[in-house]
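Please go through the model below by question and answer.

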Amino acid sequence: MPTAVDRDKQLIRERVWDLLDSAGAVHDGSAHGRIPNFKGASAAADRLGTLSVWRGAEVVKAVPDKAQLPVRVRALSEGKTVFMAVPRLAEIRPFYLLEPAALTVPPTEAAASKVAAAIAPRVGVEEMRPVDVVVVGSVAVGLSGVRIGKGAGYSDLEFAFLMEAGLISAQTVVVTTVHALQVLDEQLPATDHDFGVDLIVTPEEVITCPNPHRPGGLVWEHLDRAKIASIPALAARAPGSPRSTRP
């Protein structure tokens, strides 16, 4: 059953989706129900590419959403290793590994989620390298770094997996690329399992967020049995699982 925080988040999503649609700020029709494929995504990726934290990064963990496609293309074109989640984390090895030197197609093609699914090996957390930059999509993001996704919760789970494995540290920079209309100057609702972002990058500016929240790992009490069962890598780590290393 949705909590009060869930309901508050959905109200904000609907407000931002309506705002983007009214402004004609997205590609592919309506923004509703998804991470908005906002106009200016390439300009935001270019702005991100000027930052020292990006230039020094060797390993990037990126979401598969269309809005972040230009970021993934840039990363691969610049020789960075990219890890991208399998849709809905539906495999026991829930990440695609895109290694620039091993690509059989140009970065502009390899960075697309459907192409990555066809050409990239799948890897588990134990096979991954420490991440320098995490790139996420958002529906809305506050100036404090609190972000609201589309509501499925997969970005938070991916982040928690990597935190527990020690692949995301205090030095890892978390970035969201968004349209300016998605940036809200207000307090946004959040839970203990939600992670915040260090940087908000729009086509026009870079916003640094102070002390964003980072969970220490998976918050099991926030996960229901159906969610755990639907994600093989999560089910394998669940307390009581034969494969779990948890007490």
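The questions and answers below start with the strands and end with the loops.

This is a predicted model, in which local features need pLDDT of at least 70 and side-chain atom pairs count only at pLDDT 80 or more, while totals for chains, interfaces and linings use all residues. Residues are numbered from 1 along each chain as its sequence is written, and side-chain values use heavy atoms, with hydrogens and water left out.

Q: In E2, which residue is the bridge partner of Ala62?
A: Helices (H or I, at least four residues) and strands (E, at least two) are DSSP runs, numbered from the N terminus, and two strands pair if DSSP finds at least two bridges between them. Strand E1 (residues 59–62) and E2 run parallel and are joined by 4 bridges. In E2, the partner of Ala62 is Met84.

Q: What is the bridge partner of Tyr96 in E4?
A: E3 is joined to strand E4 (residues 122–123) by 2 bridges, and these strands run antiparallel. The E4 partner of Tyr96 is Arg122.

Q: How many residues of E2 are buried?
A: Buried means under 20% relative accessible area, exposed over 50%, and partly exposed in between (1.4 Å probe, protein chains only). On one side of E2, Thr81, Phe83 and Ala85 are buried, and on the other Val82 and Met84 are buried, so that both faces are covered. The number of buried residues in E2 is 5 of 5.

Q: Which are the edge strands of the open sheet of 3 strands?
A: This sheet has the order E7-E6-E9, with mixed pairing. Strand E6 (residues 140–142) runs antiparallel to E7 and is joined to E7 by 2 bridges, with Val141 partnered by Arg147. The strands that each pair on one side only are E7 (147–148) and E9 (183–184).

Q: With which residues is Met128 in contact, leaving aside its neighbours within four places in sequence?
A: Contact means heavy atoms within 4.5 Å. Met128 is among the residues with the most contacts inside the largest core. Its contacts beyond those neighbours are Phe83, Phe95, Val123, Leu162 and Leu167.

Q: How many residues does the second, separate core have?
A: Leu51, Tyr96, Leu98 and Val175 are included in this core. Its size is 31 residues.

Q: Which element supplies the largest share of the lining of the largest cavity?
A: On a 1 Å grid over the protein atoms alone, a cavity is a set of points where a 1.4 Å probe fits but cannot get out, and lining residues have an atom within 4 Å of a point. The lining consists of Lys61, Val134, Val136, Ser155, Glu158, Phe159, Leu162, Ile168 and Phe195. The largest share, 4 residues, comes from H7.

Q: How many residues of H7 are buried?
A: The buried residues of H7 include Ser155, Glu158, Phe159 and Leu162. H7 is mostly covered, and the count of buried residues is 10 of 11.

Q: What is the phi of Asp28?
A: Asp28 lies in the loop between helix H1 (4–23) and helix H2 (41–49). Asp28 is partly exposed, with a relative accessible area of 48%. Although Asp28 is not a glycine, its phi is positive, at about 60°.

Q: Is Asn211 buried or exposed?
A: Asn211 is in the loop between strand E11 (206–208) and helix H8 (225–230). Its phi is positive, near 50°, in a residue other than glycine. With a relative accessible area of 74%, Asn211 is exposed.

How values were computed:
A nonpolar core is a set of buried Ala, Val, Leu, Ile, Met, Phe, Trp, Tyr and Cys residues joined through side-chain atoms within 4.5 Å. On a 1 Å grid over the protein atoms alone, a cavity is a set of points where a 1.4 Å probe fits but cannot get out, and a pocket is an open set with protein on both sides within 12 Å along at least five of seven lines; lining residues have an atom within 4 Å of a point.
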